[in-house]
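Have a look at the structure first.

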Amino acid sequence: MEQTMELTTDQFIRDFEQTFNEQQQTLLQNATPTELFLALAHTIRQYYTPMWLERNESLSARQEKIAYYFSIEFLPGRMLETNLLNLGILDTVKEGFTQLGLDFTAVKNAEHDMALGNGGLGRLAAAFMDSLATTGYAGFGNGLRYKYGLFKQRIVDGYQVELPDAWFGSLGNVWETRKDHDAVNVRFFGNVYMADAGEGKLKPVYSNAQVLRAVPYDVPQLGYKNGVVNNLRLWDVEIPEEYELNYPTIADRRRVEDITAVLYPDDSTEEGKKLRLMQEYFMTSAGLQTIVKSYLKMGLPLEKIYEKVSVHINDTHPAVAPAEFMRILIDDYGMEWDAAWNATTKVMSYTNHTILSEALEKWSTGLFSFVLPRVFQIIVEIDNRYMAQMGAQGADYARVENTRIVRNGQVHMAHLAIIGGHSVNGVAQIHTELLKEDTLRDFYALTPEKFNNKTNGIVQRRWTQIAAPVLSQTIDKWIGFEWRNDIHALRALNDVVDNPRAQNDFWEVKQLAKKRLADYIEETTGVHVSTDAIFDVQVKRLHAYKRQLLNVMHIIKLYWDIKDNPEGDFTPRVFIFGAKAAPGYHFAKSIIKVINELANLINNDPEIGDKLKVVFLENYRVSLAELIIPAANVSEQISLASKEASGTSNMKFMMTGAVTMATLDGANIEIRDEVGEENIVIFGMTKDEVYHHYETHDYNARYLYDTDPVLHRVINTFVDGTIPRCQSEGSEIFDALVTYNDEYFLLEDFQSYVAAQARVSALYRDRERWMHMSMMNIANSDKFTSDDTIRQYAEEIWHLSLPHAGRHR
Ligand code: 26Q
């Protein structure tokens with residue numbers, strides 16, 4: 001149901017000028033973009049605040065069931081345009097700015113990305129917040145208000161340098177509201193023993209515990225043109241007044257503030273690990289405590305809390321939730337174990353985002369019981385009862401042993417999330433299948449009914465209407481406006497993919513986006529790139545399994561092709577990279593250095609000229625993705641089959657008309673199913689072939705290196721001095737590929753990748769064929785809207801009903 005704010009341009013100008021004058025006390029003409037941004041954001045706050053209040057009143061008056069999405073990461077990026085778009089006033093505001101003689105783009109760029117996430121997992125959480133509000137479901141977020149988000153990346157001499165990201169700086173976050181009255185206490189450390197509480201009950205008695213105050217900051221999540229405002233609650237830590245004497249020095253206070261200071265502090269040291277566990281428990285405990293409190297306000301029985309509350313565990317980071325929920329129900333509210341367990345398992349559900357077993361969190365029992373002594377007792381009890389119950393059911397002993405929570409001195413968080421909940425899902429079809437047959441196979445054998453798939457999605461509005469406004473207008477021109485409200489209407493584009501005039505329009509749109517990116521590249525790197533070249537893009541976190549190195553190897557092959565035959569016929573390409581490496585991930589940083597030095601070599605070789613350019617754009621983030629993705633001709637999704645759970649940038653590229661160069665991994669497979677085999681370029685091993693190597697141990701990288709002359713030359717290029725200033729990085733790469741037998745099978749996939757890239761070049765030269773492919777991608781991308789993904793979560797996992805969207809009377 002469409003519902004937009006009624007706002008004329010004149011009214012907006014009056015509101016904006018008034019807010020500006022109250023706030024800034026200067027002339028509009030003298031204001032900096034930041035001052036204008038603040039005034040604009042405050043104007044918008046005034047618009048949505050009544051909706052926010054009404055939404056909360058309506059949900060509690062109707063006693064609606066609410067799903068709470070617990071995530072240690074939320075990565076919304078900038079909020080200004082999304083908020084304007086969703087209020088239905090983006091065009092009005094742009095028009096108002098034009099009339100005032102102000103530069104809207106400069107103002108929107110003054111907003112700092114809200115980067116409380118690393119990559120896919122955090123961005124997905126933010127997408128789900130938007131889609132929950134847009135579909136109208138009551139779904140609230142619960143996370144941490146880090147003072148420093150993901151580090152800012154600078155490239156110095158080709159190396160990654162990390163700088164702190166003080167995202168809300170001294171200005172504060174304009175969108176948030178501190179909710180002092182919802183603050184709760186969270187307890188860490190100390191000793192706990194069970195004392196007689198009468199009536200045959202026990203209650204825990206704590207000594208020497210550290211008590212901290214959790215204070216929520218609420219960030220509104222606006223639905224698209226429906227008047228709905230949901231809530232993203234981010235917790236900050238404070239020292240409770242009654243304990244202030246325990247923290248006499250500034251250093252004492254800093255240690256407390258550390259809990260919400262930074263996203264994913266280094267966990268390679270004991271200290272770092274402890275801090276991370278404290279972060280996880282802090283947000284989980286605070287969130288669950290307030291959820292129980294607000295449920296009880298409705299006057300309903302606590303045993304039935306699952307009828308009104310769902311808690312979703314996004315990856316293992318909040319996986320302490322089932323144990324903490326048990327603690328609250330039993331210790332704080334006196335519930336019996338069985339009733340509490342029944343409620344807990346019905347409330348909790350869990351999403352897995354990786355099959356890499358090293359990424360499944362485990363804590364040593366020593367550390368865990370030291371930081372969270374009472375929760376540890378409860379986990380041991382859950383584990384014992386699980387063993388007893390499975391034993392009584394006659395379950396296979398080895399399987400039960402493999403799935404228990406406390407094992408070999410470690411607490412397995414994924415196991416707690418699965419045993420303590422009713423649903424486990426993967427994030428793409430192939431990923432869910434792999435969970436069932438490999439990573440979580442024993443759980444699947446014991447409780448198959450818990451497993452389900454929810455293929456990821458993206459907020460199509462951000463990647464089309466906001467990031468690609470000209471593309472959006474062109475879609476309007478050819479199929480009308482309906483797709484803006486119902487993405488499935490995009491399918492009408494299928495009728496014009498072979499229309500020469502439409503093809504021409506969409507070609508021009510891409511050229512404009514490429515020009516916009518080319519200007520940015522020239523400005524930030526000094527490298528001139530031609531928009532006649534294929535823009536070939538790989539942007540994502542730097543990880544060995546994502547195989548940026550395979551892309552690099554192909555570039556080296558092209559470099560030698562041109563050097564060997566400078567007059568040859570060559571389809572020009574610009575290779576664009578964006579990638580942050582984890583600060584402690586040495587090998588990933590070496591790859592960044594090599595990409596930058598290879599770029600220097602190629603970009604400054606006159607013989608290469610415009611045939612080949614390589615660009616590494618620093619500080620890849622959501623707002624930069626909005627500039628890069630619409631400008632791509634080719635989307636590199638080349639992870640080793642089985643390793644990328646889903647990927648989500650692949651969907652964004654598809655929706656804006658790039659052709660995917662893909663392995664059969666993650667959601668690439670489902671993209672192929674939507675666009676058809678002939679409109680995607682597939683290469684490489686299948687997951688079964690990969691698993692065959694694992695089973696037979698028959699992979700021999702050195703043999704491939706020795707016998708394939710092209711491969712030989714490409715790999716030697718890392719160590720023979722061709723690429724200057726990266727001797728040690730080059731030999732690390734050589735060793736990983738040859739000496740240590742190439743863990744991610746780059747050598748085996750190299751030939752088929754090179755052949756696939758040659759197909760891309762040929763296809764691009766046939767403009768009709770290329771535009772058919774490109775437009776088929778746009779026309780068939782509707783499956784990947786996160787609005788539909790979230791509907792599936794809401795219906796199939798959380799069992800939500802759809803509250804009356806928008807204002808109630
Ligand atoms: C774990 C323990 C200790 C420290 C850090 C971590 C950690 C940090 C980040 C574990 C996982 C992550 C992030 C994972 C992630 O982003 N996964 C991606 O999730 C996307 C959304 O489902 C998928 O599309 C991607 O395929 C997947 O890689």
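Which residues in α6 meet which residues in α31? In α6, A127, F128, S131, L132, T134 and T135 do so, and their partners in α31 are S786, D787, I790 and R791; contact here means C-beta atoms, placed from the backbone, within 7 Å. By class, this contact has four nonpolar, four polar and two charged residues. Nonpolar covers Ala, Val, Leu, Ile, Met, Phe, Trp, Tyr, Cys and Pro, charged covers Asp, Glu, Lys and Arg, and the others, Gly among them, are polar.

Before going on, note that this is a predicted model: local features need pLDDT of at least 70, side-chain atom pairs count only at pLDDT 80 or more, and totals for chains, interfaces and linings use all residues. Residues are numbered from 1 along each chain as its sequence is written.

| Pair | Residues | Angle | Axes |
|---|---|---|---|
| α6 and α31 | 120–135 and 786–797 | about 80 degrees | 8 Å apart |
| α20 and α29 | 548–564 and 746–765 | roughly 55 degrees | within 10 Å |

Helices are DSSP runs (H or I, at least four residues), numbered from the N terminus. Axes are lines fitted to C-alpha atoms over the stretch in contact, and angles run from 0 to 180 degrees between N-to-C directions. α6 and α31 are therefore roughly perpendicular (65 to 115 degrees).

**Around the ligand**

Of the 20 residues around the ligand, G120, L121, H353, A645 and S646 come nearest, where near means a C-beta atom, placed from the backbone, within 6 Å. This shell divides into six nonpolar, ten polar and four charged residues.

Definitions and conventions. Helices (H or I, at least four residues) and strands (E, at least two) are DSSP runs, numbered from the N terminus. Angles under 35 degrees count as roughly parallel, over 145 as roughly antiparallel, 65 to 115 as roughly perpendicular and the rest as oblique. Two residues are in contact if their C-beta atoms, placed from the backbone, lie within 7 Å.
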